[in-house]
Amino acid sequence: MRRSSELTDELFKGFQNYLYYHTGITIRDNKKYLVEYRLQRYIGEDKPYKSFSDLYRALEQKKDPQLERIVINSLTTNYTYFFREKVHFRFLEYYLKTYGSGQSYIRLWSAGCSSGEEAYSMAITCLEAGYAYPEKDIRILATDISERVLKKAKEATYHYSSLHGELSDSQIRRYFQFNKKTKEFSVQDFVRSLVVIRELNLMDIFPFSRQFDVIFLRNVLIYFNAQEKEQILEKMYDVLKNKGYLVLGLSESLVGLHHNFQPLNYSIYRKGGNTP
Ligand SMILES: C[S@@+](CC[C@H](N)C(=O)[O-])C[C@H]1O[C@@H](n2cnc3c(N)ncnc32)[C@H](O)[C@@H]1O
């Protein structure tokens, strides 16, 4: 007998098509178990959806605006693009312009950076806010657990789809070099020089000597259970400067978790302090 919570071949095909349509990413036919495994946590009597078909129907009917993001994030471990969730880069620009000049050094961290688009977007934001190395002691650390994506981050060469319409033509001309042969865009050296790329498992001890101004931990916590999330948050808290900021993905929040951060808008959290 078929379990009501089973992912049927037909539904699996639906998720494959959905993902391909929305992200251009193909889930291979032999990855049905992965879709089942990744979405399982949302399925059950005590969960948001009773069955995979319930979830799929809600997705198709766009019932919950967060659901599309949750499904995409769950199924595409490394999904990212330049200036994803742009409001956070506007916030970073605000931080740099408001507090940057008062800092003797600035350290930013893209934690769970995937193939590097987030870290390079932070670097472009710094440059646009008037900060450049070596005039200012400023660095962006980009870390991930996956060697495969870090290799791509180091290559810093992207297909146009990664630029995703979030960058203007003049920004693309200024910060990228177009390779006519491969039709790809390489991040310019002066942008790359702001970014340091390292392998780091967020479950490990953080090996930092300097504290961070702003940490982007976006669309990463989804991969951890509550206890692991709390451990990571505690370590993040410790490595932030006082009045530093932790930025989660827009669909994420720390509700239900023990932590010491002050919540602000747009999934942004602050370590101490009362000023906005
Ligand atoms: C969906 S991507 C997010 C990329 C980017 N932060 C963004 O929001 O566009 C999640 C990344 O988290 C990384 N990740 C998952 N578990 C991790 C861990 N234990 N330590 C470090 N990175 C991890 C994955 O390899 C993946 O590249």
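Predicted model: local features only at pLDDT ≥ 70, side-chain atom pairs only at ≥ 80, totals over all residues.

Q: Why is the chain called as compact as a globular protein of its length?
A: First, the chain has 11 helices and 10 strands. Helices (H or I, at least four residues) and strands (E, at least two) are DSSP runs numbered from the N terminus. The radius of gyration, 20 Å, is close to the 19 Å that the globule rule gives for 276 residues, so the chain is as compact as a globular protein of that length. That radius is taken over C-alpha atoms, and the rule is 2.2 Å times the number of residues to the power 0.38.

Q: What box do the C-alpha atoms of the chain fill?
A: Roughly 70 × 50 × 30 Å, taken along the principal axes.

Q: Why is Ser51 called buried?
A: Buried means under 20% relative accessible area, exposed over 50%, partly exposed in between (1.4 Å probe, protein chains only). Ser51 has 9% relative accessibility, so it counts as buried. Ser51 is found in the loop between α2 (32–39) and α3 (52–60).

Q: What makes the link between the side chains of Ser51 and Ser53 a polar contact?
A: A polar contact is a pair of N or O atoms within 3.5 Å; within protein, one must be able to donate a hydrogen and the other to accept it, and residues adjacent in sequence count only if both atoms are side-chain atoms. The side chains of Ser51 and Ser53 make such a contact at 3.2 Å.

Q: Is Leu250 buried or partly exposed?
A: Leu250 has 27% relative accessibility, so it counts as partly exposed. Leu250 sits in the loop between β8 (240–248) and β9 (262–263).

Q: What does Leu250 touch, leaving aside neighbours within four places in sequence?
A: Contact means heavy atoms within 4.5 Å. The partners of Leu250 are Arg69, Glu85, Val87, His88, Tyr266 and Ser267.

Q: Why does Ile197 count as buried?
A: Ile197 has 11% relative accessibility, so it counts as buried. Ile197 is in strand β6 (residues 195–199). The C-alpha atoms of Ile197 and Asp144 are separated by 8.5 Å, though the two are 53 residues apart along the chain.

Q: Why is Ser162 buried?
A: The relative accessible area of Ser162 is 12%, so Ser162 is buried. Ser162 lies in helix α8 (residues 160–163). Its side chain makes a polar contact with the side chain of Glu117 (3.2 Å).

Q: Which residues that surround the ligand are the closest?
A: Thr80, Arg84, Asp144, Asn201 and Asn219, out of 19 surrounding residues. A residue is near a molecule if one of its heavy atoms lies within 4 Å of it.

Q: How much of the ligand does the protein bury?
A: The ligand taken alone exposes 600 Å², and the protein buries 96% of that. Accessible areas come from the Shrake-Rupley method with a 1.4 Å probe; for residues, only the protein chains shown count as cover.

Technical notes
Residues numbered from 1 in each chain as written. Heavy atoms only, no water.
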